[in-house]
Amino acid sequence: MANIIVFAIIAVVIIAAALAAVFTKRIMRSVTALLFVLFAIAGLYFLLDYTFLGAAQLSIYAGGMTMIYIFAIQLLGRRDLQDAAEKLSFKRAVGAAIVSLIGCVTVVGVMLKNFFIDKFMSVADSEVSMEKIGEALVGSEKYQYVLPFEFISLFLLACIIGGLVVSRNQKEDK
């Protein structure tokens, strides 16, 4: 019973912080709300006794990604952020809603065509050990994730180098 109450509290925090991250007009508040979402998701992992995934969530996403966002925001400067504000028009909102609906229909169609829900429910009934999750994360066989992790690290390195180049160019312009 206590797990259900803790899960409900964490779910409410995730939903509230996600909505705050999307609907706030100040960028630093949005990043702070995103940080709360990432912390709460780590809380879900800890609630499920997946301590490795919870620690990875805290260190990689909540720590690293939020720092990258904050550095990018600080590199842009206040003037650039104020000039980037856009007004939401009705045409763009309708277009975004249509594209989102098409995306949802596509995802549901693929899931139903491949019997994904039935397969997921049969896998969800059995508990996956932490050893299998660890092997899937760092293995190099089919359906294992060491190669995507390496690509993500290269992508993050490219983002950091790009941020340094942009900040250096802005200093030289002044």
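A: Ser30 touches Ala21 and Thr24, leaving aside residues up to four places away in sequence. Contact here means heavy atoms within 4.5 Å. This is a predicted model: local features need pLDDT of at least 70, side-chain atom pairs count only at pLDDT 80 or more, and totals for chains, interfaces and linings use all residues. Residues are numbered from 1 along each chain as its sequence is written, and side-chain values use heavy atoms, without hydrogens or water.

Ser30 sits in helix 2, residues 27–47. Helices are DSSP runs (H or I, at least four residues), and strands (E) need at least two; both are numbered from the N terminus. Ser30 is buried, at 17% relative accessible area. Buried means under 20% (1.4 Å probe, protein chains only).

Now the whole. The protein has eight helices and zero strands. Of its 174 residues, 13% are buried. Among contacts with a separation of 6 or more, 52% join residues 24 or more positions apart.

Next, the second largest pocket, with a volume of about 350 Å³. Of its 13 lining residues, the closest to the centre are Ala56, Ile60, Tyr61, Phe149 and Ile152. A pocket is an open set of points on a 1 Å grid where a 1.4 Å probe fits, with protein on both sides within 12 Å along at least five of seven lines; lining residues have an atom within 4 Å of a point. The volume is the space filled by probe spheres set on those points. Helix 3 (51–76) and helix 8 (146–173) each supply at least two lining residues. Helix 3 gives the most, with seven.

Technical notes
Buried < 20%, exposed > 50% of the residue type's maximum accessible area, 1.4 Å probe, protein only.
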